[in-house]
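Q: I would like to go through this structure step by step. Could we begin once it is on display?

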Amino acid sequence: MRDFRLYAITDERSHPGRELAEVMEEAILGGADIVQLRDKHSDREAVLEKAKRLRELTRRYDVPFIVNDYIDIALEVDADGIHLGQGDTPLSVARELVGGKIIGISTHAIEEALLAEQQGADYIGVGPVYPTATKAGAAPVTLSYVREVAEKIRIPFVAIGGIKLHNADEVIAAGATRICAVTEIVGNPDVRGTCEAFIRKLEQGGTAHGKYAQR
């Protein structure tokens, strides 16, 4: 898969009154280079319509588009890939369904990360690094897990969960060269400026941690 630095995930509850595609376009303009549609609340038809709009947007900017959970919708809109949690469709089954499309897997422990790598995941999510409202009740994996993945996993990984501009430096110092933020990006009045600030932090950390390093 094409490498990336800043992974943006949708959360419409964080920007009431602002249209989804408009917010995600601002994220892309600010430097987000992969976009995921994550919607745990709407019905399937509503998610499909959102996926269609985001597919058109991401095609226009040549940014990979990922759909969370809904493999059928990802196929219907020709998304670039899917993202699955630990309790979702097994990776081997998903691979049969989506072929060569990108498959990302959420992981919370090194055993899950190693298994995802062994089974052919294209990238993994590592988190939640900090407490986060988008994963209420999930125990933080802390920076120690980020360090462990950076040392042991060879496929790309993206740190996620409670990552804000004020703590991003310590996540990067732990070995992350890819960051995912949800509410910090889409819930900010200045979506574009927030993404630009994340990119600057990733670039400043590049010397020590290998900009676009293949971890």
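Q: Where is Lys 50 found?
A: Lys 50 lies in helix H2, which covers residues 44-61. Helices (H or I, at least four residues) and strands (E, at least two) are DSSP runs, numbered from the N terminus. The model is predicted: local features need pLDDT of at least 70, side-chain atom pairs count only at pLDDT 80 or more, and totals for chains, interfaces and linings use all residues. Residues are numbered from 1 along each chain as its sequence is written, and side-chain values use heavy atoms, with hydrogens and water left out.

Q: What is the mean pLDDT of the protein chain?
A: The mean is 94, and 94% of the residues reach 70 or more; pLDDT is the predictor's confidence in each residue, from 0 to 100. Over residues 206-215, however, the pLDDT is below 50.

Q: Back to Lys 50: buried or exposed?
A: Lys 50 counts as buried because its relative accessibility is 10%. Buried means under 20% relative accessible area, exposed over 50%, and partly exposed in between (1.4 Å probe, protein chains only).

Q: And which residues does Lys 50 touch, not counting those up to four places away in sequence?
A: Lys 50 touches Glu 12, Leu 20, Leu 37, Asp 39 and Ser 42. Contact means heavy atoms within 4.5 Å.

Q: Now Met 24. Where is its place?
A: Met 24 belongs to helix H1, residues 20-30. With a relative accessibility of 0%, Met 24 counts as buried. Leaving aside neighbours within four places in sequence, its contacts include Ala 8, Leu 54 and Val 186. The C-alpha atoms of Met 24 and Val 191 are separated by 8.4 Å, although the two residues are 167 apart along the chain.

Q: Which residues touch the most other members of the largest nonpolar core?
A: Met 24 is one of them, and the others include Phe 65 and Ile 163; this core has 63 residues. A nonpolar core is a set of buried Ala, Val, Leu, Ile, Met, Phe, Trp, Tyr and Cys residues joined through side-chain atoms within 4.5 Å. A second, separate core has 10 residues, among them Ile 9 and Tyr 123.

Q: Let us change topic. Where is Asp 69?
A: Asp 69 sits in the loop between strand E3 (65-68) and helix H3 (71-76). Asp 69 counts as partly exposed because its relative accessibility is 26%.

Q: What does Asp 69 touch, not counting residues up to four places away in sequence?
A: Asp 69 touches Lys 40, His 83, Leu 84 and Asp 88.
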